[in-house]
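Here is a colleague's note, written for someone meeting a protein model for the first time. Please keep the sequence and the structure open while reading through the numbered points.

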Amino acid sequence: MSNPSILILPGDGIGPEVMAQVTRIIDWFGEKRDLKFDVETDLVGGAAYDKHGVPLSDETMARAMEVDAVLLGAVGGPKYDDLDFSVKPERGLLRLRKEMDLFSNLRPAQCFDALADFSSLKKDIVSGLDIMIVRELTSGVYFGEPRGIHKEGNERVGINTQRYTESEIARVARSAFELARKRGNKVCSMEKANVMESGILWRDVVTEIHETEYPDVELSHMYADNGAMQLVRAPKQFDVIVTDNLFGDVLSDCAAMLTGSLGMLPSASLGLPNADGRPKALYEPVHGSAPDITGQGKANPIACILSFAMALRYSFDQGDEATRLEKAVEKVLADGARTADLMGPEDGTPISTTQMGDVILEA
Ligand code: ATP
Ligand code: MG
């Protein structure tokens, strides 16, 4: 049997820096755990634009459809800010999500005890926190037509359209309910049914799927603005949160700060299962390309490393090995290893990206 395959797309900014640590960890699993992967590396985002004039080549797209999992670093940066929208680095990522049909974006927000003091919130509010935000990823206002900026009279008007079909809502609801059954058996669905038609439909469809397919799971509904408030007031009331593309973007960044740093947060984006039962899957840190710290060895590689742990769990059925990796991260944090993003200005000298990789490998 051939090894499971991984396509690595380091991308731009700190993407290649954090991904370098993941590559070392993949090698470690091959050597020490006899868990071997066929790994290939390619370009995405600004890096692909520089070489090919597009943020994702057709060849790379085709490989992404074939491999068992894609690991992505980050895309974008100030160098590409003035490019036409059609070739912006972010379009490379959007194309991957759209063509792989990665409709379910899993963003865990877990508070490592060693970092509880570092959260924006009081320790007792976040310690032991373990929630999962499931964000719809392939539809909604980021994709809806019509869109654009045009002239009306003598002023410009910017337009985006929020649009959801029943089946788009149903499939992401199912993935949230399935996940809840493996966790705390609780789903909270968030929308703005008070002011948005798509919100009314969202609430209807989630309720219907719940009643007909998942009556054993506890379901609640919340307006997304209240959800944002509850997330910072009492986040431990939640287990799985399911929400649309736009609210999910905002709410998961908000949840990010509960755990201490954007540099800690992994994500998985899953599609429908292939013939072999593995879902199409892309794993990436929640953070972006962080141009302000690029090339300085400051980036925290943990978000990217934990994204690979999610790949082990969700794409390769290696839950125990995923736990092994997560425990190593937990241990080095407990031992005091800190990159700059995990420290205050008076907390001493941070370690570098590579040093964080070193201590995690050792652990
Ligand atoms: P994008 O538009 O790609 O989502 P963004 O504008 O949200 O990007 P990020 O690139 O995620 O911004 O960075 C936001 C802030 O968090 C920056 O100050 C950045 O330096 C910091 N940051 C992000 N990722 C990391 C990391 N892995 N390690 C340390 N700091 C990080
Ligand atoms: Mg962002």
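**Notes on the model**

1. Leaving aside its neighbours within four places in sequence, L325 is in contact with I25, I305, A309 and L312, where contact means that the C-beta atoms of two residues, placed from the backbone, lie within 7 Å. This is a predicted model, in which local features need pLDDT of at least 70 and side-chain atom pairs count only at pLDDT 80 or more, while totals for chains, interfaces and linings use all residues. Residues are numbered from 1 along each chain as its sequence is written, and chains are lettered from A and ligands numbered from 1 in the order in which they are written.

2. L325 sits in helix α11, which covers residues 319–334; helices (H or I, at least four residues) and strands (E, at least two) are DSSP runs numbered from the N terminus. L325 counts as buried because it has 22 C-beta neighbours inside 10 Å, and the cut-offs are 20 or more other C-beta atoms within 10 Å for buried, 12 or fewer for exposed, and anything in between for partly exposed, with C-beta atoms placed from the backbone. From L325 to L306 there are 19 residues in sequence, and their C-alpha atoms are 7.8 Å apart in space.

3. Is helix α10 largely enclosed or largely open? Of its 13 residues, 12 are buried, so α10 is largely enclosed by the rest of the structure. Among these buried residues are I305, L306, A309 and L312, and the buried residues of α10 pack against α1 (15–32), β3 (69–74), β11 (266–273), β12 (279–285), α11 and α12 (353–362).

4. Helix α9 (residues 245–256) has 12 residues and reaches 16 Å from its first C-alpha to its last, close to the 16 Å expected at 1.5 Å a residue, the expected span being 1.5 Å times one less than the number of residues. Its buried residues include F247, L251 and A255, and what covers the buried residues of α9 includes β4 (104–110), β5 (130–136), β8 (186–191), α8 (224–233) and β10 (240–243).

5. How are α8 and α9 arranged? They pack at an angle of about 10°, with their axes 10 Å apart, and the axes are lines fitted to C-alpha atoms, for helices over the stretch in contact, with angles running from 0 to 180 degrees between N-to-C directions. The two helices α8 and α9 are therefore roughly parallel to each other, a term used for angles under 35 degrees, whereas over 145 is roughly antiparallel, 65 to 115 roughly perpendicular and the rest oblique. By class, the contact of α8 with α9 has 8 nonpolar, 1 polar and no charged residues; Ala, Val, Leu, Ile, Met, Phe, Trp, Tyr, Cys and Pro count as nonpolar, Asp, Glu, Lys and Arg as charged, and the others, Gly among them, as polar.

6. Some backbone details deserve a careful look. The peptide bond from E145 to P146 is cis, with omega near 0°, and P146 lies in strand β6 (residues 144–152). N185, in the loop between α6 (166–181) and β8, has a positive phi of about 60° although it is not a glycine. D317, in the loop between α10 and α11, likewise is not a glycine but has a positive phi, of about 55°.

7. Around ligand 1 there are 15 residues, of which G263, H287, G288, N300 and D341 come nearest; a residue is near a molecule if its C-beta atom, placed from the backbone, lies within 6 Å of it.
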